[in-house]
Amino acid sequence: MELLAEASLRDSALLPGGFWAAVGVWLEKPQVANKRLCGARQDGAWRAARPGAGGEGSPGRRALEAACEAFCRCCREDFEGLGLAGPAEEELEVVLRTLVPKACPPAPAREMVVKDIFNGTVTFLPLVQTHDGKYKIKKSNIYQVRLLHTQDNEWSISMFSSPPENYISDGILCPKTTWLGSELLPKLAKWSTETTKCEFKNTLSLISVARYSKIYQDLKEKYKDIVKVWPEVTDPEKFVYEDVAIASYLLILWEDERAERGLSKKQSFVDLGCGNGLLVHILNNEGHPGKGIDVRRRKIWDMYGPQTHLEENTVSPDNLYPDVDWLIGNHSDELTPWIPVIAARSSYSCRYFLLPCCFFDFYGKYNRRQSKKTQYREYLDFVMEVGFVCGFRVEEDCLRIPSTKRVCLIGTSRTYLATQGAVLDEQRAQYISRRQSNFMVAPDHQTDGFHQHDSLPAASDVTICPAADTKVSQKTDVGKVLISGFLPRGKEQVRNCTTLPQDLVDKVVLKVAKLLLKETKGSPLEMSNTWNRGESLPLSEIAEHLDKDTLKRLKNEYGGLQTLLRNNHQVFEVLNGKVHIRDWREWKPPRKNKPGKQLKQRLPSKALKRACVGFTSTILRAVRCLLNSVVMLMGVRS
């Protein structure tokens, strides 16, 4: 073993425990350091005696040999030179893990990890499969991390490997020796002296990382062209790949559920607050019947085709979906705490998947109650509490998506019998009524349904009793509770001057053009040979020449007069609060890509055709507007 790099540590309070915690991160979540990995799967772990301990034929020696022989051809010579000598009573910890790359090839690879607590070393032994299906150690690619207590408060952490000239690396499953010394070692040193405690679970803790990696790569390749023709103003790469990741997770989750329950039919779903509808589009294409509902139609909906079922409608808590297997709430805002309630009331078999983002209570914004937790963690606990009250067993997991809000909550089976539904309906109604009454109290005096427990109660311990100051009858009408204070988000109005009557827009455009050309000086001959851009007037001065009815209509639009004039950018230019007629001779084409900047790949034929048609129609509309504007200006001059 040859030394690659060494780093000094100066925090005796956290060592050596911090070192082994850092090793645990690299064992369980290698993707945080090696971005080319999707993750790792632990296939087994056990304690074993040291090689050679107790002599030939001793029980400890036989235990290690039997364990190694179970999956790998190992002999005493394979462990020589690894520094594993020590007292026989100090056993080794052996872990077998599978590294999963983000993309295939290469295929997932197995690795044996030997942790020697006594000597402060952890050794990584890559395994290669033989022709008879067993594994043997790839001696040329062994590497080891070693912790050494030098003196007093000083420690050192070192990286060793097989001779670099013999080391064979693919840069993914077998990292380069330079990367081990310059990238991995500094990260391990940093993690060894950090005290940060994560509030959330490891990512993808409820599903297979290897299956997720494969399905995600397949879906990413299948739907990548949507990024190139994305018609919305939002970032296409973030939203497309985020929905691809969520769809990959749900497909595996639902596949596992079908296997567990012995089902063959794919689960149905409804996505409440589906937004751009891409998640619905992917799930429909992958064979799951379902639809998405949102209060506002998006431009991209028209691109999906008839096989994707999207509905423009208002979603209210009194809407039920008795024939649906799963309800989805992906950044569902005001509906987030209601979705467990809707699922519980829809049917006894209905489940839900929630990805909370914005913090909403049942009747408005969520108010913090516990300063010891982050607002995000506290809100997640609240939504989990709602699930428990509704009678669900709620599981938590962390997704791999480009978002800071990555924790999902999954309500699967119930904690009560189907015959007890009426009792649970009563408790849900009382809980919601209590939240509504507390919502009207100042945040400092609020108490939740569980009287501010520091931790969530177990599902079996949930019992809801109405507060003394809450007027709830013995038989609470659930429907009345739901509609008594919740205001569903109505259909969003477009207020950017694009829906104004065309005659009103033409009237304002002509009026402004006349004002700008009113004080034009020069002879008719000069005016015919030169472009007359008129005067430059402030928006406030132009507004004084418009009638009251027109100003009233414009004030109802975002940006008012300025937005209307900017919408007619082929005629006017608005700059620093002033307006003048645009001189297209001063127009400068967009700057080209900087030298060396990688150009995007060419669009495929279908995407290119769609993009060209859209671009051509845009140009025709602009030319038509420009011709109309020229005609108006000629009329002004005459």
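Let me start with one term. A helix axis here is a line fitted to C-alpha atoms, over the stretch in contact, and the angle between two axes runs from 0 to 180 degrees between N-to-C directions. Keep that in mind. What we are looking at is a predicted model.

First, the whole chain. The protein chain has 638 residues, and 46% of them count as buried. Its secondary structure comes to 18 helices and 19 strands. Now take contacts between residues at least 6 apart in sequence. Of these, 67% join residues at least 24 apart.

On to the helices. Two packed helices are described by the angle between their axes and the distance between the axes. We have two pairs to go through.

Helix α13 covers residues 502-517. How far does α13 reach from its first C-alpha to its last? The answer is 22 Å, close to the 22 Å expected for 16 residues at 1.5 Å a residue. An α-helix has 3.6 residues a turn, so residues three or four places apart point the same way.

The partner, helix α17, covers residues 560-567. The axes of α13 and α17 come within 11 Å and cross at roughly 90°. Angles of 65 to 115 degrees count as roughly perpendicular, and therefore α13 and α17 are roughly perpendicular to each other. Who makes the contact? From α13 we have Val505, Val508, Val509 and Val512, and from α17 we have Leu561, Leu564 and Leu565. By class, that contact has 7 nonpolar residues, no polar ones and no charged ones.

Helix α1 runs over residues 17-28. Its 12 residues should span 16 Å at 1.5 Å a residue, and the end C-alpha atoms are 17 Å apart, so the two agree. Buried residues in α1 include Phe19, Trp20, Val23, Trp26 and Leu27. Gly18, Ala22 and Gly24 are buried too.

Helix α3 takes in residues 177-192. At what angle do α1 and α3 pack? About 125°, with their axes 8 Å apart. That angle makes α1 oblique to α3. The crossing of α1 past α3 is right-handed. On the α1 side, the contact uses Gly18, Phe19, Ala22, Val25 and Trp26. Facing them in α3 are Trp179, Leu184, Leu188, Trp191 and Ser192. By class, this contact of α1 with α3 counts 8 nonpolar, 2 polar and no charged residues.

Last topic: the backbone. Most residues other than glycine have a negative phi, and most peptide bonds are trans.

Spot one is Pro16, in the loop between β1 and α1. The peptide bond from Leu15 to Pro16 is cis, with omega near 5°.

Spot two is Asp152, in the loop between β8 and β9. Its phi is positive, near 45°. Is Asp152 buried or exposed? Its relative accessibility is 67%, so Asp152 counts as exposed.

At 74% relative accessibility, Asn576 counts as exposed.

That is the tour. Thank you.

Key. Residues are numbered from 1 along each chain as its sequence is written. This is a predicted model: local features need pLDDT of at least 70, side-chain atom pairs count only at pLDDT 80 or more; totals for chains, interfaces and linings use all residues. Side-chain values use heavy atoms; hydrogens and water are left out. Helices (H or I, at least four residues) and strands (E, at least two) are DSSP runs, numbered from the N terminus. The expected span of a helix is 1.5 Å times one less than its number of residues. Buried means under 20% relative accessible area, exposed over 50%, partly exposed in between (1.4 Å probe, protein chains only). Angles under 35 degrees count as roughly parallel, over 145 as roughly antiparallel, 65 to 115 as roughly perpendicular and the rest as oblique. A crossing is left-handed if the near helix is turned anticlockwise from the far one by less than a right angle, and right-handed if clockwise. Contact means heavy atoms within 4.5 Å. Ala, Val, Leu, Ile, Met, Phe, Trp, Tyr, Cys and Pro count as nonpolar, Asp, Glu, Lys and Arg as charged, and the others, Gly among them, as polar.
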